[in-house]
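Please walk through this model with the viewer open. Keep the sequence at hand as well.

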Amino acid sequence: MGKWVAGILAVLLLSVGAYAASNAAEKASRTAKPEIVIDRSKSGDKCVEETSFMRKNHMKLLMHQRDDTMHKGIRTEKHSLKNCVNCHASSKDNSVLGSDEHFCQGCHTYASVKLDCWECHASKPKQSASAPVAHPVPAPATQVGADRK
Amino acid sequence: MNDNQPSHHSSNEVDEHRRHFIGASAALAGLTVAPGVVVYGLAHAKPDSEPVTNKVRWGLLVDATQCAEGCTDCVTACHTENAIQTGALETDPHWIRKVELKDMRTGRSQSLPVMCQHCEDAPCVDVCPTGASFKRADGIVLVDRHTCIGCRYCVMACPYKARSFIHETLTDQNPDVPRGKGCVESCTMCVHRVDRDQQPACVEACSQAGHNAIIFGDLNNPNSDIAKRVAGHPTSQLRADLALNPGVRYEGL
């Protein structure tokens, strides 16, 4: 009897162990985070806002700037889409699109969020990639539209 | 026929504080020739962070007597500036086109460019169901592609045939001029250049070609070249009977 119980326990333990191992392996292989290379020589050290803030709120800044530029002619560079592209275009092909290594496409594929800016907007900067871009120093305030007077 | 009145906008909000601010910056931007004497000719420069105001009304004056037959420099410049590819399809967009007029009795012929007339009371703005077609405070009529649903009601409403619909997927846009499939578009008076104190591409090209047939400027500023010309010469509006008060005037028609 004791033999039987020990045998069943051993089988159970083994199967649980195997399950845990396979789960870990699956986790590791699941949806790799995008590997995005930012060319620091082009973009400088910092984004226009803190990285954590930008990850969550870049769309709000862009939406705000978009309406200001379109309707009021406010063309401050800091939160403009053009400014994003100028810094974040890949140093390989000068674009923010093309593969999952590219800045915009990489994250949006990972997050599964449709990206439709580029149906109209240019995904490449206007000037040649070698030309350094003036990058504004991030302001301490992170409120949306804080750059406006 | 002639309308030399500078336009006046009533529908746009004017913030007193902003006016004062702009007044102050204009004074700073002005050129001091002598103590207490400031030339305001340079004072158009608007800080990037300030919104456009209805103190300015941008306009164009086309001098049909100077426009050369067969010359399409303005059209080419427009296409280059705004990255418009044409020549493939009948439905290709045209923001500016050359029109040849001929009086069959006398044989006198004329050539002139026609583009969006940037009406004060624009029919395209009237009919737009989403508010995508709108007039900026400074009189420039634009399409906000973010809200345009491509219904093309404005294309039908425009008496100048100024608007085009984009049927095909576009690539290689100018970063300053976003354009794309499924939206209506028309001449923007090169708003991205105007906001940087540059002239529209067609105006620049015409002047480079030595014709100077298109003048750009502020119709509200009595000291501007365009306002002086409009005040001192007989000019006409296309389809003046519609009383749309366009920002584009024609001389010598």
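This is a predicted model: local features need pLDDT of at least 70, side-chain atom pairs count only at pLDDT 80 or more; totals for chains, interfaces and linings use all residues.

Residues are numbered from 1 along each chain as its sequence is written, while chains are lettered from A and ligands numbered from 1 in the order in which they are written.

Start with chain B. Its secondary structure comes to seven helices and twelve strands. Helices (H or I, at least four residues) and strands (E, at least two) are DSSP runs, numbered from the N terminus. Of the 253 residues in chain B, 38% are buried. A residue is buried if 20 or more other C-beta atoms lie within 10 Å of its own, exposed if 12 or fewer, and partly exposed in between, with C-beta atoms placed from the backbone. Two residues are in contact if those C-beta atoms lie within 7 Å. Among the contacts in chain B with a separation of 6 or more, 60% join residues 24 or more positions apart.

Now look at where the chains meet. Chain A brings 18 residues to the contact and chain B brings 17. On the chain A side, α3 (51-72) and α4 (81-88) are the elements that give two or more residues. The most come from α3(A), with four. By class, this side of chain A has six nonpolar, four polar and eight charged residues. Here Ala, Val, Leu, Ile, Met, Phe, Trp, Tyr, Cys and Pro count as nonpolar, Asp, Glu, Lys and Arg as charged, and the others, Gly among them, as polar.

Go back inside chain B. Two packed helices are described by the angle between their axes and the distance between the axes. The axes of α2 (residues 73-81) and α6 (residues 201-208) of chain B come within 8 Å and cross at roughly 135°. Axes are lines fitted to C-alpha atoms, for helices over the stretch in contact, and angles run from 0 to 180 degrees between N-to-C directions. So α2(B) and α6(B) are oblique to each other; angles under 35 degrees count as roughly parallel, over 145 as roughly antiparallel, 65 to 115 as roughly perpendicular and the rest as oblique. From α2(B), the contact uses D73(B), C74(B), T76(B), A77(B), C78(B) and E81(B); from α6(B), A201(B), C202(B), E204(B), A205(B) and C206(B). These divide into seven nonpolar, one polar and three charged residues.

The cores come next. A nonpolar core is a set of buried Ala, Val, Leu, Ile, Met, Phe, Trp, Tyr and Cys residues joined through C-beta atoms within 7 Å. The largest has 56 residues, and C74(B), C78(B) and C202(B) are among those with the most contacts inside it. Its largest share, five residues, comes from α6(B). Apart from it lies another core, of nine residues, including V85(A) and F103(A).

Finish with the loop between α6 and β10 (214-218) of chain B, where A209(B) sits. A209(B) is partly exposed because it has 15 C-beta neighbours inside 10 Å. Beyond its neighbours within four places in sequence, A209(B) is in contact with C71(B) and D73(B). N212(B) lies in the loop between α6 and β10 too. Most residues other than glycine have a negative phi. N212(B) is not a glycine, yet has a positive phi of about 50°.
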